[in-house]
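Let's take a walk through this model together. Have the sequence and the 3D view open as you read.

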Amino acid sequence: MRPVRTAFLLPLAALVSVAAALTVLIDWNLAHPEGTEWDEASYFARLYQDHGAYERGGLFELKEALLLEDRHRPPAYRLLSAPVHMALGPDVRAIRTASLLCFLMTLYFVYRSGALFGGAGTGIVAVCIVACSPAVLSSMRSLGTEWPLLLGLSGLTYFLLRIVMTGRSGSGVVLGIGLCAALAALGKLSFAPVALPMLLAAIVLGRYAETEEPKFSTLLLPGLIALAVISPFYFANIHQYYWYGHTANEWSSHGLHFWLGLAEPGSGFFLLGYMELLAFQVFGPLLSTALALTIVLLLTRLYKRRAKTAEGTSPAAGAFLVPAGILTAAILPLVILHMSGGNQNPRFLVPIVPIVAVLAAAAAARLLDGWVLKTMALLATVQSVIVLALMPGNAKIPRSHPVGALAAVSERLPQWEWSRLKDEITGYGIASPRIGFIGSSAAFNNRQIEIPWRKAGEDVTVTRLWHENDGAVDWAEVEARIGETDVLLTFVPSEEPRPLAVNSFNSEFADRMTGRPDFIGPVVLQLGPGTGDRVFVFHRR
């Protein structure tokens with residue numbers, strides 16, 4: 001009865017975990033009919049502009065847009081979202097289904113990788129781990145760059161393990177490695193510290209595998225395929241990709257102190273704080289407990305120099321150590337880079353979560369007692385259920401709290417109806433408006449403001465008149481920029497948990513503009529349902 005019971009429980013755990021993840025992601029998508037925050041709004045704006053380029057000049061103009069516009073980000077998110085946009089239309093929620101499809105395909109590759117490495121149970125538990133990670137779920141819910149990167153790396157991991165474990169390198173595997181490596185490279189520049197060490201380790205360690213694969217010659221053709229796909233984009237934009245990646249990695253305002261709720265950089269002990277970040281915000285508290293238990297048991301087993309010898313579960317050392325070494329080589333460089341940079345955003349570690357999942361589940365299945373793998377599945381499933389229980393997204397739990405990242409997965413973000421501003425400005429008779437603004441928030445920024453025009457295929461110019469990074473406000477400089485605008489905006493936030501310096505002069509700007517002979521206003525709009533945030537609109541006479 002025991003094998004039957006195990007065979008039933010592990011698939012049930014995966015079913016619950018994946019169902020919970022999809023329920024939370026779909027619920028969040030339906031609750032956010034508009035773009036969220038600056039990042040996602042900029043992705044939608046770019047996607048609408050690509051669609052406009054295609055309608056104006058077909059594939060040729062679309063190719064030019066992909067190569068020469070938004071040059072600091074690789075274009076995989078645009079390439080994968082464009083077919084969904086063309087098939088389902090410009091609705092934000094419809095386009096986000098691209099990320100859900102990529103999430104499911106990622107889980108498929110995770111399962112196949114785990115099944116190759118340690119059997120079907122390993123693959124199932126690896127799926128549970130990925131499906132309950134708060135960092136993964138937060139990245140999968142919106143339009144962004146993480147999900148094509150995650151899909152590419154997960155596919156690359158599977159095809160590499162297939163060569164290592166079976167020695168088979170047919171045309172399907174060659175094409176799979178080449179296309180998955182290309183997708184990862186076109187997803188985000190952070191593919192490099194994951195994919196390149198993994199490929200190098202596969203070549204170096206492959207000679208010790210039972211199959212003696214992969215060799216350099218085996219990976220040469222896949223590498224050429226990947227280079228052929230990515231070279232047009234990287235040859236044109238490699239400097240911009242590197243600059244943007246380096247800038248993001250050093251953005252110290254999102255350092256460890258930000259994610260842990262500390263007062264300032266340097267507060268607390270960094271290493272302990274970083275472990276807390278991994279435990280609570282990347283993997284989640286229960287899954288981290290399971291991973292920590294697995295590590296302790298592995299170290300104990302290693303110390304006692306005992307190997308598991310149960311029938312059918314004791315492979316030759318090379319059969320485990322070679323693929324384990326390849327996966328470890330993919331994990332450590334990104335972690336070191338993340339630790340040493342100025343920006344400890346947990347989202348940056350999402351690419352290694354599926355690899356950690358496969359490695360941890362395989363280690364538990366092949367080197368430890370069976371109850372360890374079951375415990376890992378149980379804790380991952382319970383964590384998925386907790387995420388589901390927090391789904392309404394109204395719980396005010398700080399992100400630094402042990403379950404704060406779990407609650408943040410379904411957190412409701414501001415949804416401002418910027419189409420109302422477009423209607424207002426159109427009513428003034430202003431076509432192709434030049435809009436200037438002061439202030440900033442997740443819902444009030446240049447990308448959010450321009451979305452209605454981009455969706456309609458119309459021209460708009462949105463200019464920030466001042467930002468805290470510019471130094472002390474220079475009203476003479478602001479006045480010079482006002483001369484190049486038709487419409488001016490600012491807003492007064494109803495409440496801010498952490499007041500932003502960038503909004504220090506919003507009210508003063510509104511007072512300065514009120515009563516001016518060259519502008520009419522303010523017209524006060526409340527664009528955010530359920531909030532007291534007021535947007536002040538001034539337009540030129």
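**A sheet and its neighbours**

Start at arginine 434, whose bridge partner in E2 is threonine 461. Before going further, know that this is a predicted model, where local features need pLDDT of at least 70, side-chain atom pairs count only at pLDDT 80 or more, and totals for chains, interfaces and linings use all residues. Residues are numbered from 1 along each chain as its sequence is written, and side-chain values use heavy atoms, with hydrogens and water left out.

Strand E1 (residues 434-438) and E2 run parallel and are joined by 5 bridges. The labels come from DSSP runs, numbered from the N terminus: helices are H or I of at least four residues, strands are E of at least two. Two strands pair if DSSP finds at least two bridges between them. Zoom out and you get an open sheet of 5 strands, in the order E2-E1-E3-E5-E4, with mixed pairing. Strand E2 (461-466) and strand E4 (519-525) sit at the edges with a single partner strand each, so one side of each has no neighbour in the sheet. On average, neighbouring strands here are turned by 25° against each other, direction ignored. Axes are lines fitted to C-alpha atoms (for helices, over the stretch in contact), and angles between N-to-C directions run from 0 to 180 degrees.

Helix H21 (residues 475-482) packs on this sheet, touching E1, E2, strand E3 (487-492), E4 and strand E5 (534-540), and its direction makes about 165° with that of E2. Contact here means heavy atoms within 4.5 Å. Helix H22 (residues 506-513) packs on the sheet too, touching E1, E2, E3, E4 and E5, with its direction at about 135° to that of E3.

Back in strand E4, look for proline 522. The peptide bond joining glycine 521 to proline 522 is cis, with omega about 15°. Another cis bond runs from glutamate 213 to proline 214, with omega near 5°. Proline 214 lies in the loop between helix H10 (192-205) and helix H11 (216-249). That loop between H10 and H11 also holds glutamate 212, which has a positive phi of about 55° although it is not a glycine. Glutamate 212 counts as partly exposed because its relative accessibility is 46% (buried is under 20% relative accessible area, exposed over 50%, partly exposed in between, using a 1.4 Å probe and protein chains only).

Finally, the axes of helix H3 (residues 76-88) and helix H9 (residues 171-187) come within 7 Å and cross at roughly 105°.
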